[in-house]
Amino acid sequence: MKPNPYFAALQKSYLFIDIARRVSAFTEANPNADVIRLGIGDVTRPLAAPVVAALEAASREMGSADTFRGYGPDTGYPFLKEAVRGYYAKRGVRLDADEIFISDGCKSDCGNIGELFAADNTVLIPNPVYPVYVDSNLMAGRPIVYAEATRENGFLPLPDRGVKADIIYICSPNNPTGAAYTQHQLAQWVDYARGNDAVILFDAAYECFVQTPDVPHSIYEVPGAEDCAIELCSLSKTAGFTGVRCGYTVIPKALVRGAEQLNALWARRQGTKFNEVSYIIQRGAEAVFTEAGMAACMENVAYYKKNTAVLSAALAQAGIWHSGGQNSPYIWMQCPGGMKSWDFFDMLLDKAHVVGTPGAGFGQNGEGFFRLTGFGNAARTAEAAERLVKLLG
Ligand code: MLT
């Protein structure tokens with residue numbers, strides 16, 4: 001037996017596991033330190049009441065012989081697909097139910113979607129970005145080129161006609177920078193993809209944070225995207241499902257490459273490797289898309305946005321360059337005094353007992369930058385903001 005040689009190209013451990021290890025080493029050595037965690041983008045608000053009611057009702061159904069259900073339909077229950085369709089329809093995007101694949105979240109779909117593509121495709125990945133894209137393609141041994149996201153281009157790289165890529169990852173609003181493409185900018189990526197016969201993998205996990213009017217929530221708001229883009233989305237951030245697990249991936253039937261409908265290939269792949277999200281969770285997810293469910297979820301989103309505003313005000317007071325917040329739950333700041341991002345991580349933890357995420361963990365261009373999440377508790381975030389001002393001001 002020979003192990004997969006491509007694992008050798010990966011960092012020793014996954015970014016957020018690495019951070020968790022460093023934080024537990026710190027708390028073991030400093031048991032009295034009051035540590036505030038603004039590192040991993042994990043939600044803290046409880047599930048919306050309509051979601052809880054739906055989860056309870058579905059659990060009761062499972063406990064009764066006449067309403068019990070075993071395996072569900074292979075790509076998701078029709079009731080949830082209808083709810084997702086309705087959500088897209090509100091933005092003028094028309095989808096068929098069989099273009100929607102219910103999943104256990106964006107991370108697994110982002111990691112698995114590569115199985116649709118031959119190993120010798122070239123992948124274009126923004127730098128910095130969510131590390132799953134790079135890691136999963138390294139594991140598959142696929143060649144990667146990077147789209148440079150820098151402070152100069154607002155962390156929103158645009159297509160370079162001189163670069164030939166077959167698969168393009170776009171995360172907008174972006175993790176970690178919070179930058180979000182406008183309709184006009186996304187249209188340039190759609191043009192590029194169509195011109196190169198490439199496929200865009202559009203990660204819309206943070207779409208619910210969009211508030212700028214000309215920033216699309218979905219790539220399908222851009223004409224022509226339906227024959228060159230797959231969209232991956234999750235209820236983790238929209239509805240606080242990080243611990244519940246449910247998301248969806250959209251593959252339009254119009255997306256055909258090499259005479260293959262990618263929709264049919266993904267259906268085939270999922271049929272073999274995935275047994276669907278549980279009935280109970282899909283009922284909870286359906287409730288997210290009701291009027292009352294969405295209103296309650298958006299209250300939580302507003303709560304997190306206030307946190308990012310508090311962090312942003314603190315950094316402004318301390319004279320630190322930063323961005324994000326407007327269309328995202330993340331603040332992306334420059335490390336003070338030209339510090340490297342892991343050095344700043346250590347200093348912030350050691351001196352202020354605040355945890356963030358070093359930009360270098362998202363790619364080389366993240367070096368010198370640092371991410372703070374707005375997903376924390378409001379009082380604790382305000383306390384962290386005070387500590388930031390004290391340390392950096
Ligand atoms: C993050 O902190 O970047 C995210 O929570 C990671 C994820 O969504 O998997």
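Visitor: How many disulfides does the count come to here?

Guide: Keep in mind that this is a predicted model. To count as a disulfide, two cysteine sulfur atoms must lie within 2.5 Å. Take Cys208: the nearest cysteine sulfur, in Cys233, is 7.8 Å away. Cys233 is in no disulfide either, with the sulfur of Cys106 nearest at 6.2 Å. By this rule, the count comes to zero.

Visitor: Is Cys233 buried or exposed?

Guide: Buried means under 20% relative accessible area. Cys233 has a relative accessibility of 2%, so Cys233 counts as buried.

Visitor: And what about Cys208, buried or exposed?

Guide: The cut-off is again under 20% for buried. Cys208 comes out at 7% relative accessibility, so the label for Cys208 is buried.

Visitor: On to the ligand! Which residue has a polar backbone atom 2.6 Å from an oxygen atom of the ligand?

Guide: The residues around the ligand include Phe16, Ile40, Gly41, Tyr130 and Arg371. Tyr130 uses a polar side-chain atom, 2.6 Å from a ligand oxygen. Arg371 also has a polar side-chain atom by a ligand oxygen, at 2.7 Å. The residue with the backbone atom is Gly41.

Visitor: What share of the ligand's exposed area does the protein bury?

Guide: The ligand sits in the second largest pocket. Taken alone, the ligand exposes 270 Å². Of that area, the protein buries 84%.

Visitor: How many residues of the shell around the ligand are nonpolar?

Guide: Lys237 and Arg371 are in the shell, and Lys and Arg count as charged. The shell has two charged residues and two polar ones. Tyr counts as nonpolar, and Tyr130, Tyr206 and Tyr330 are among the residues around the ligand. The nonpolar residues number five.

Definitions and conventions. Residues are numbered from 1 along each chain as its sequence is written. This is a predicted model: local features need pLDDT of at least 70, side-chain atom pairs count only at pLDDT 80 or more; totals for chains, interfaces and linings use all residues. Side-chain values use heavy atoms; hydrogens and water are left out. Buried means under 20% relative accessible area, exposed over 50%, partly exposed in between (1.4 Å probe, protein chains only). A residue is near a molecule or strand if one of its heavy atoms lies within 4 Å of it. A polar contact is a pair of N or O atoms within 3.5 Å; within protein, one must be able to donate a hydrogen and the other to accept it, and residues adjacent in sequence count only if both atoms are side-chain atoms. Accessible areas come from the Shrake-Rupley method with a 1.4 Å probe; for residues, only the protein chains shown count as cover. On a 1 Å grid over the protein atoms alone, a cavity is a set of points where a 1.4 Å probe fits but cannot get out, and a pocket is an open set with protein on both sides within 12 Å along at least five of seven lines; lining residues have an atom within 4 Å of a point. A molecule sits in a cavity or pocket if more than half of its atoms lie within 2 Å of its grid points.
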